[in-house]
Amino acid sequence: MTVTFQLNGEDCRFHGDPMTPLVDILRQERFLTGTKAVCREGFCGACTVHVDDEAVPSCLKPIALVQGCAVTTIEGLSSGNHPLHPLQAAFEAADAVQCGMCFPGMVMSLSAFVRDNPHASRPEIKAAMVGNICRCTGYERIVDTVADCLDQARKAGQLVGGVHV
Amino acid sequence: MSELSATVMNLPRRDAQDKLRGRTKYTNDRIRPDMLHAVLLRSTVPAGRIRKLDVSAALRCPGVRAVATGADAPGLYGIGIADHPLLAIDTIRYHGEPIAVIAAETEKQARAALAAIVLEVEPLAPVFTMAEALQPAARLVHEGWRGYEVITEGGARAGNIAWEAKSSRGDVDAAFARPDIRIVESSFTVGRQSHVPFEPRVAIGSWEDGRAHIQTSTQVPWTVRNVTGRVMQLPPGRVRVTVPPVGGGFGLKFDASIEPITALLARMTGRTVVLENTRQEEMATCLCRENAEIRIRSAVTPEGYIAGREAVVLMDCGAYGGEQVFLTTMTAHTLGGNYKVGAMRLVSRAVYTNTPPNGAFRACNGVYNTFALERHTDEICDALGFDPMEFRKQNVLGDGDLGATGQVFEADVLGPMLDRMEALRASTGTSEAKADGRLYGIATTVGTWFVFVGPSAATVNLNADGSATLVTSGVEIGSGTMVQSLPQIVAGQLGLAPDQVIVREADTDAAGLDVGVGGGRTTVSIGAASIAACAEVREKLLRTAGEMLQTRPEDLVLRDGRVEITGRPGSGMSIPAVVAHAQATTGPITGSGAFTARNTPAMSGCAMGHFIDALDIPVFVVHEAEVAVDPDTGHVEVLAYRVVQDVGRALNPRAILGQIQGGVVQGLGYALHEEVTLTVDGRIAQDDFETYRLPLAQDVIPVAADLYEGAPSMGPLGTKGAGEVPILAVGAAIGCAVARAIGKPVQQLPLTPPRVLRLLHEREPPPEFPHIAPGWAANTLG
């Protein structure tokens, strides 16, 4: 089966088993290894990508279901030497990262969340992280950073990541 | 001290941006299409004898390039005893044990070929529990245990007892015979904990110029090098190990496991070979924190003096001795820590069973021994009517007190830390109101850990652009050592900015020996070796500059990338100018340094079978938890958590606070819901994220932490390891707080809702250890 979709803004064509998980195409055929295959069962969130601007675990997405869709991976969120997404910049500044393997998925989940929920409270941020596991950090610094980002954006009258790809 | 002010800072991580952009290439991101993929044939029985193993049909399957079995790598490895084959040889000792490996062009082809391997196994009666293993007539998990090479001498061994370590100080019998004492006895049992690093164990092996090169996700490149040499019967110098950024370790990657297999297959095929555990394999064969059983007795006077203490600790090492053999040493310093005790004797035994082997996990046996010791301390207080906080203040180790092996502790540390906890509580307030009708408990507990120092080497090359390159075998597993504390230390020594310090990733061909990332040792040991290397660099730099400036070297200082005359900022010349002159006259400026422990002495005859006799760098913690227990569901909510941690000197306070939050949360998982159980056929039942309940964002709370500085440490600039200990006393604090909330003894972790409900309704059977003899000496090999 042939599937065509947009990958980080470019046309992309796949020939093969329509049940192939999207994460395998990204990592094994496109070498976009920022998307991490950690549990491959939809629990950890490390493989989260945007499909038509919605955050989804790419391990549970058969490639056939992205026919005609726009897929954005962590590499496409802020490509090349372009500035980091405000959440990425904030995580860097806050020293939130440890081993770092959960963060690409964390950023993809939370960047969609803050775009859609500019007034989210701390408990709502935590609820949004239910599908993203981190084994290193104990979460709180991540939550604090997201809350700070939203707070600053509200004060400035902007959306976090308003220049969203 | 200017060197200190130039070193201490909240330096952000240099690796954060690439990690956030998804650009960091962990080992399992380096798989290329031209590599062969290896898959393992693993045992589906817990114990058996291999009657037939024929791989010839698998070799003929499409895409298969090599098949290896135990016969291809006959050497045995281990930490104290060489008891572990790379692939099972004749005998199968656990469910999931690797028996054969296939390398093929694709993973799919390799998996398909597994079915072509002919394997006939005669099942043996498995020994699943330590109770079974210690029966006099128990089947031996290792029939040939007597014939194994002993790598480290000194431990007693017999049959299913892989290793026994003892400590004994003073006349314990006399203490227990005193007429004025009360005897309190407690029993505890804990299960395993799975590390769950996001990157599983994975290795990429190649064969280059007659040598193996293994790229792998490990904490111990030198161990992987040495073990690969052992099993392949090569001089270890014919193995090179390099380590890309590691996606989490937590102790799981403190031993070699699958890495040598890739070197073996690379030699057989001449190709680069990758082997990566699936998540299911990773969890089913995880070198978990071991399950353990503890009996502890204390003789306490009416005034609250602990006259005598004795304990038996049984540690399940699973099918092979591994790290547990070494960890038997730790009981003396964890269960035997915290308190002044008149006379004490402790025995810990690593016991073989037909279960997946266990290993090291952050603060290792300290986590459950601290749980046991602190719950036992509360049971003493309950039995004798002492206030738990006052009892602790009266009895915690202070200046001049003796440890279990007779080591003399320096300075009062735990006492002032308890005071600091009270001050911290006063500043945060308590959270009893949040219990909202549920059962409320609060507990303050203490813990003792130590930095296992061990040897490290470092080389510093000073470059013509004024930057310095630090070459060590240190590994960045997420704790920040290689990207924060080490560049800070080197920069502080050489008057540079941390971003001028290039840190080479671990390569056993480039850097000298290091025992690996564990026990909180990297900042201390590699830091000290780096300072020694910088001293040589400074000496050469100042000598050269002195000649150029016609000034005595002792009148020169390194500051802001310049060699300056003391007291005259802006004088002298830039470091690049001095380096350029040196390169043209005496040669490039380099320095090398080395460090190891000074071997803090134990009292003669107090430690038997120990890998280390005393604590070179003790590390203390005080943890306080507030909990609410729902009496209808048994659910435990942690309302507040406070930590006072002895850090010696905080080089990067913000990074340490990040380690404390992460370590405490890992401990909350252990205390409350991370449960590993074995199926009736000896498998680990929790082999995915659906069945193994990790802490999620909504389970956790912010930890209030106070860093206690100034306790003595031989670490550079007074540092101690800070990443290991945050997990140490979490099981203790939660266990004690829940026991107080529900008014029942807590003798087991994790405190899952069903277990808490059973405790509340007195339907949880207390641990019984018929295999632990009533008399202490009967639990030793003499």
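In which strand of chain B does Tyr708(B) lie?

Modeller: This is a predicted model, and in it Tyr708(B) lies in strand β32 of chain B, a strand that covers residues 704-709. The relative accessibility of Tyr708(B) is 11%, and because buried means under 20%, Tyr708(B) counts as buried.

The surroundings of this residue come from other parts of the sequence. Leaving aside the neighbours within four places in sequence, Tyr708(B) is in contact with Asp412(B), Val413(B), Pro416(B), Met417(B) and Arg420(B), and also with Val644(B), Gln645(B), Asp646(B), Val647(B) and Gly648(B). For one of these, Gln645(B), the separation from Tyr708(B) is 63 residues in sequence, whereas the distance in space, C-alpha to C-alpha, is 5.6 Å.

The strand beside β32(B) is the next thing to consider. β31(B) pairs with β32(B) in the parallel sense, over six bridges, and within this pairing Arg642(B) stands opposite Ala704(B) of β32(B). Strand β31 of chain B, which spans residues 636-648, is itself mostly covered, with twelve of its 13 residues buried.

β31(B) also pairs with strand β30 of chain B (residues 617-629), but here the two strands run antiparallel and are joined by nine bridges. Val627(B) has Val638(B) in β31(B) as its bridge partner. β30(B) and β31(B) form a hairpin with six residues between them, and in the turn Gly634(B) has a positive phi of about 80 degrees.

Among the contacts in chain B with a separation of 6 or more, 80% are accounted for by residues 24 or more positions apart. A compact globule of 782 residues would have a radius of gyration near 28 Å, and the 27 Å of chain B agrees with that. Along its principal axes, the C-alpha trace of chain B spans about 80 × 70 × 55 Å. The accessible surface of chain B comes to about 25,600 Å², of which carbon and sulfur atoms hold 51%. As for charge, chain B has 71 positive and 86 negative side chains, and the centres of these two sets lie 3 Å apart.

Notes:
Residues numbered from 1 in each chain as written. Chains lettered and ligands numbered in written order. Heavy atoms only, no water. Rg over C-alpha atoms; globule rule 2.2 N^0.38 Å. Contact = heavy atoms within 4.5 Å. Areas by Shrake-Rupley, 256 points an atom, 1.4 Å probe, with all protein chains shown as cover. Lys, Arg positive; Asp, Glu negative; His and termini not counted. Charge placed at Lys NZ, Arg CZ, Asp CG, Glu CD. Helix = DSSP H or I, 4+ residues; strand = E, 2+ residues; numbered from the N terminus. Buried < 20%, exposed > 50% of the residue type's maximum accessible area, 1.4 Å probe, protein only. Pairing = 2+ DSSP bridges.
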